[in-house]
Amino acid sequence: MTLATIALVGVLGLLMIALYGLLILRNLLKIVVALQLLGKAAALALVMAGSISGQLSLGQSLAVTVIVVDTMTAVIALALAVKVRQRCGVLDVRALSTLRG
């Protein structure tokens with residue numbers, strides 16, 4: 001197995017775990033973790049693509065950009081989860097979907 005094949009298997013594994021988490025989980029904190037995994041899969045894919053194409057520095061710079069955006073998304077989502085927990089007392093998406101107004 002080459003390094004590119006191993007990285008591709010890692011990307012696909014992270015992608016599948018993240019998609020499973022987004023589709024199945026109902027806790028807001030677990031959904032944020034699944035989004036983080038999705039961002040890490042994208043960053044790994046960008047570095048792998050840059051390595052294969054011979055432009056590793058471009059892949060790495062794009063991966064750093066993805067990591068920064070992913071971190072900002074996580075911070076905002078966690079802040080919203082804290083406010084939802086304070087206001088409603090639950091983090092379950094099913095319970096929050098019944099709220100009106």
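1. Let's start with Leu23: at 62% relative accessibility, this residue counts as exposed (exposed is over 50% relative accessible area, buried under 20%, partly exposed in between, with a 1.4 Å probe and protein chains only). Leu23 sits in helix 1, residues 3–24 (helices are DSSP runs of H or I, at least four residues, numbered from the N terminus).

2. A word on the source: this is a predicted model, where local features need pLDDT of at least 70, side-chain atom pairs count only at pLDDT 80 or more, and totals for chains, interfaces and linings use all residues. Residues are numbered from 1 along each chain as its sequence is written, and side-chain values use heavy atoms, leaving out hydrogens and water.

3. Helix 1 has 22 residues and spans 31 Å from its first C-alpha to its last, close to the 32 Å expected at 1.5 Å a residue (the expected span is 1.5 Å times one less than the number of residues).

4. Ala7, Val11, Ala18 and Gly21 are buried. Seen down the helix axis, the buried residues fall within an arc of 95°, so they line one face of helix 1 (the arc is that of the directions from the axis to the C-beta atoms). On the other side, Met16, Ile17, Tyr20 and Leu23 are exposed.

5. Helix 2 (28–53) is included in what covers the buried residues of helix 1. Ala45 lies in helix 2, and at 25% relative accessibility Ala45 counts as partly exposed. The C-alpha atoms of Ala45 and Leu56, eleven residues apart along the chain, are 12 Å apart.

Terms used
Helices (H or I, at least four residues) and strands (E, at least two) are DSSP runs, numbered from the N terminus. Contact means heavy atoms within 4.5 Å.
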